[in-house]
Amino acid sequence: MSLQTASHKWYVPFEILSLRSVLNAAVAMHVVLAALELIRDRIDLAGLTIALAAIFALLRWLAPQALSGSPRLQIVRLIVLLSIIIVARLTLAGDVSGYAVWARAWSWIPILMVLAALFSPYTSTWTRQPLSTDDLAEGLARNRRLYPWFQRFGSHVLLIHSCVLVLLPVIWIADVSISPGNLLGGGIGDAFSLEHYQTMLGGSSFWVWTRNSVIVAVGTTFFGLCLAVPSAYAFSRFDFFGRRSAMFAFIVVQMFPGAIILVPYFLVMKTLGLLNTSIGLIVAYSVTALPLCIWMLKGFFDAVPRELEEAAKLDGCSTAQIFLRIILPLSIPAVAVTGIFSFLTAWNEFLLALVFNTSNDQFTLPVGLASLIPTDGQRWGDFAAASLLVSIPVVILFILFQRSLIQGLSSGAVKG
Amino acid sequence: MSRFWISLRSFILIVSLLAVLSGGAAYAQSVEASSAEDLTDYRRTGLELSLSGLQEGWSVEIRTDQHGVHTRIPVKDVFGLTRLPAEAALQACFSDGAPVHVDTDQQSVIGAGTQSLRCALTGLRPGTDVAVQAAIVDETGTLRAQSSEIRLRTDVSDLRLTPPDTRPILYLLGSILISLVLLLSALRWWDIRRGNLKSRNAYLYVGPAIVALVLLTFYPITYGIWLSFTDANQTHLGQSSFIGLENFGTVLMSSGLVQVGLFTLIWTVVNVFLHVTLGLLLALVLNRETLFGRNVYRTILLLPWAVPAYISVLAWQGMLQPEGLVNQFLGAEANFLGEATSARISVTLVNAWLGVPFMMMSLSGAMKAISTDMFEAADLDGVSRWNQFRHITFPNLKTTLVPLSLLSFIWTFNMFNTIYLLTRGGPYLGFGQPGATDIMVTYIYDVAFEYGDYGLAAAWSVIVFLLLVSFSIFYVRQTRATEAVT
């Protein structure tokens, strides 16, 4: 390997270095854009977009070496010219909408970066064959300065795109809830009315559903904890016959999908006369959430030092006393987190509530809200208003406790 | 019925008709009756009515010469009311082709827009001719319209459905409970005898949870497996009989199996792939300590997990409507959920949207546990970011990724909500046939609760369960991650 190629490998100017990732992203983005153009029924534009994606892929492939050799450089210039023509055509075809601006930004920015790379003095220095040590040192220093900025910029572009995708339904719901009328359509923020909040809060259905959901969720939390806390403690501390197989059974149960035991579950509940009651749902939810709750709690109990118990035992505490007086007070935060988890599960569960409770006055919020959107006569505005009212407390609860919830959940999930 | 009442009624009818006509021809009521032949399958007499001009507060009456008023169905605002469960509807009425609605008192009601009503008439004397007439009556009991009298013949053995005999289930639940308590006490005694005094109370602590789990999870599973070998359905639940492997044969021979199986497979694999790659990408980006606004991004990206799933799925349904936000943004008029391919792509993307945050958070937790020394050393050696990821981050994440992707696989395989709330399995839903976006669990729901075939649904469930278990075992063996379990 000659010194020349070695320095070419070690040092690539910032323009070309950044061009690689930008063109990667641009190729992926243009495939998506082409699909979107197909959805818009603009097959001509979709073809052009795909052509652009292919050109970017070609440039990505040529970029690192091509800029250094003269015949290839000509090809690259030609391709860039071609792409400019295509993008200009696309720009002229598009209307001035949010979509068009965003899509064309994704076409123009890579092209401008290619042009910048073509005309940058650093690139021409790099392509000139003998690369002096000074040039090399200066270029490397420049890379070290600029590249982190570029990476940060790239991260922000990715994150902003994801955040827009995530926030879109939220903004949409907020907008629909304050738009008059129950139909879709109309731009965001073009009209204002509180009629949907009045309908939902003034009517009885919403309160009935909320009452049912609160009863079910609180009942599930309480009953579920009563079952989970003692058994998690036993799994964590006692060595009894059948401990390992019982724990294994709990893991296996976690794998059982709700839909599969749906039919027998329904029939058992029917036999016990628990259909269309809150108790049926409380019992079902407590048991389905039980394995995960036990795993979460067991993890927490395992972390409580055993020395405490041994000291208490020396002082003459019974097992029950140790559990109630020492372990439980110490693990109140953990129990609370598990409680929040089962509360949220019960608050959001849909399938069992749909199957078990068929009368309107026993609906929980999920089924009630879904019943606002049947196949005919959809009440989008009312649904949106109710959804916001329902999800705001839950989202706040989730975000406040996210770290402990996620920690408990993923340790339970990964172990299970 | 005396002549006097008939003439009075016709008088009232004429007067009211005149009154209504003067008020506006739009409110003209009419009711026509004919016999519903196909309802006699269930050995009752059926009546088919076509109605118009109903108003809320009125009611529809079916009168026979044996009963006087046989059935009275009030006309009410049915918005937000449920329809009668399908198994009860066999002895009740269907309005416009679906079981009638029930109000909060479990009374059958119909909406003002109802145009046709089919009722099974039970409780008539068997083997007789019966004269049947239908009428529309308003709040005050005034007759608004009535049909001509038709004569129907009841079957020789008119049969009321007996409620299924479910006592065996109760006995079984009871005996399981008792034997569990006995078993746990025996285990406790044995443990103490072994000299394990320290944990003699363990069974008291675990007992309730184990009893609940056995009664409400293991027993239903066993019961479900048993059901799959029977011909249980909603009409004869108590008298179901053992039919061997017939249900499994039906499932394996059904035309829907290949379609549903294939889509379930594609749906699961694509979703797990998207969850893992996007979750990994976002976790990598978010893990840079120096990133400006890192916590804000994190919180926003958590939203799909924090917002109740049913709400966000329904919101996506609204946004994907022809006049919804997505079309507005694109300036298009696509019916995303109305065509097979676009509906399939839409449900998959929406589910990816839902599942990425969990993966992202779990992976970023695992990434924090990787010692930073390795990255520092790699930086010194000039290893590129991509190679750092390939040779340091990824191998270290493997122990987390294996169980996480298995979990994601199982969850996605059983993801009922997304599909049910977006498309109900449609488009192209035919009776007994899966729709274009039906995966196995949504199809099982349809078979059980729309078509009422519990035995067949149970057979599907058993097959799904066997598939999942064998896949899990295969996957865990292949990845040799058994040490990650327990």
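Visitor: Of the 416 residues of chain A, what percentage count as buried?

Guide: That's 40%, where buried takes 20 or more other C-beta atoms within 10 Å of a residue's own, exposed takes 12 or fewer, partly exposed is in between, and C-beta atoms are placed from the backbone. This is a predicted model: local features need pLDDT of at least 70, side-chain atom pairs count only at pLDDT 80 or more, and totals for chains, interfaces and linings use all residues. Residues are numbered from 1 along each chain as its sequence is written, while chains are lettered from A and ligands numbered from 1 in the order in which they are written.

Visitor: How many helices and strands does chain A have?

Guide: Chain A has 19 helices and zero strands. Those are DSSP runs numbered from the N terminus, with helices being H or I of at least four residues and strands E of at least two.

Visitor: What does the model score for ipTM and pTM?

Guide: ipTM is 0.87 and pTM is 0.77.

Visitor: Switching to chain B, what is its mean pLDDT?

Guide: The mean for chain B is 77, and 78% of its residues reach 70 or more; pLDDT is the predictor's confidence in each residue, from 0 to 100.

Visitor: Where in chain B is confidence lowest, and where is it highest?

Guide: Helix α2 (residues 86-89) of chain B is lowest, at a mean of 54, and helix α6 (residues 256-286) of chain B is highest, at 91. Watch residues 156-161 of chain B as well: pLDDT stays under 50 there, and the model has 13 contacts beyond four places in sequence for them.

Visitor: Which domains is chain B divided into?

Guide: Domain 1 (28-153), domain 2 (167-250) and domain 3 (254-484), with bounds from an automatic or database domain assignment. The C-alpha centres of domain 2 and domain 3 of chain B lie 33 Å apart. Their contact takes 13 residues from domain 2 of chain B and ten from domain 3 of chain B.

Visitor: How does strand β3 of chain B pair with β11 of chain B?

Guide: Strand β3 (residues 59-64) and strand β11 (residues 129-137) of chain B are antiparallel over six bridges, and pairing needs at least two DSSP bridges between two strands. The partner of E61(B) in β11(B) is A135(B).

Visitor: What about β11(B) and β12(B), how many bridges there?

Guide: Three, again in the antiparallel sense, with β12 of chain B at residues 143-146. I136(B) has A145(B) as its bridge partner. The hairpin has five residues between the strands, and G141(B) in it takes a positive phi near 90 degrees.

Visitor: Last one: why does helix α11 of chain B lie largely in the open?

Guide: Because zero of the nine residues of helix α11 (residues 372-380) of chain B are buried. Just after α11(B), G382(B) takes a positive phi of about 70 degrees.

Notes. Two residues are in contact if their C-beta atoms, placed from the backbone, lie within 7 Å.
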